[in-house]
Amino acid sequence: MVYPIVIYGHPILRKVTEDIEKDYPNLKQIINDMFETMYHSEGLGLAAPQIGKSVRIFVIDGTPAAEDDPSMADFKRAFINAHITERSGELVLMSEGCLSIPNLREDVNRESLVRIQYYDENWVYHDEVYEGYKARVIQHEYDHLDGILYTDKVSPLRRRLLKGKLNAISKGKFEVDYKTILPGQKIH
Ligand SMILES: [Zn+2]
């Protein structure tokens with residue numbers, strides 16, 4: 001099932017998500033639906049709050065980015081109860097976008113290395129270190145679990161300039177090829 005994507009300004013995108021238990025209802029189905037929704041909207045990653053679920057899950061499939069960065073090939077994972085325990089390396093500035101903030105891209109500084117602990121969709125525990133583009137996508141999706149959006153991380157000047165654009169987005173003034181839920185609309 002393809003879920004509609006929750007759009008900037010909706011309060012669920014600002015909630016800190018909660019860890020789940022192994023027997024969380026329909027967990028495998030939710031993970032499958034998250035991948036399906038992500039592919040449908042042509043994203044590299046998707047976090048549960050973006051489909052209206054305030055739980056600590058995100059999915060990534062880096063395959064579409066492999067053309068630009070071969071390290072992203074076959075980087076397909078589900079991250080459940082994800083917790084970053086270390087961010088290090090140098091700060092790298094790179095352009096980012098987000099399915100919840102359509103038709104916008106901004107440069108964001110992020111650390112080049114992360115260590116992350118999580119369970120996969122088979123409830124196997126992982127403690128892994130990622131670098132480069134992978135570390136970037138992980139940090140973007142992980143931030144969603146803490147109610148943080150990439151636009152929070154741009155420079156104060158850029159943020160002031162973005163205010164009007166973000167306001168327009170939250171009012172639905174954008175066009176995309178996927179279904180969305182605007183602030184004020186009910187999540188089913
Ligand atoms: Zn995002």
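Rings of Phe, Tyr and Trp, the last by its six-membered ring, pair if their centres lie within 6.5 Å. By that rule, this predicted model holds six aromatic pairs.

**Close-up 1. Phe58 and Phe79 form a stacked aromatic pair.** Their centres are 4.5 Å apart. Phe58 counts as buried because its relative accessibility is 0%. Phe79 is buried too, with a relative accessible area of 0%. Ring pairs also bring in Tyr118, giving a cluster of Phe58, Phe79 and Tyr118.

**Close-up 2. Tyr119 and Trp123 form a stacked pair.** Centre to centre, the rings are 4.7 Å apart. The angle between their planes is 20 degrees. Tyr119 has 26% relative accessibility, so this residue counts as partly exposed. Trp123 has 18%, so this residue counts as buried.

**Close-up 3. The charged end of Lys76 sits over the ring of Phe35.** The distance to the ring centre is 4.6 Å. Another lysine, Lys134, has its charged end over the ring of Phe75. Here the distance to the ring centre is 5.2 Å.

**Close-up 4. Asp143 is a buried residue in helix α2.** The helix covers residues 132-145. Asp143 counts as buried because its relative accessibility is 2%. Neighbours within four places in sequence are left aside here. Beyond them, Asp143 is in contact with Arg87, Arg110, Ile148 and Lys153.

How values were computed
Residues are numbered from 1 along each chain as its sequence is written. This is a predicted model: local features need pLDDT of at least 70, side-chain atom pairs count only at pLDDT 80 or more; totals for chains, interfaces and linings use all residues. Side-chain values use heavy atoms; hydrogens and water are left out. Helices (H or I, at least four residues) and strands (E, at least two) are DSSP runs, numbered from the N terminus. Buried means under 20% relative accessible area, exposed over 50%, partly exposed in between (1.4 Å probe, protein chains only). Contact means heavy atoms within 4.5 Å. Rings of Phe, Tyr and Trp (its six-membered ring) pair if their centres lie within 6.5 Å; planes under 30 degrees apart count as stacked, over 60 as edge-to-face and the rest as tilted. A charge sits over a ring if NZ of Lys or CZ of Arg is within 6 Å of the ring centre and within 35 degrees of the ring normal.
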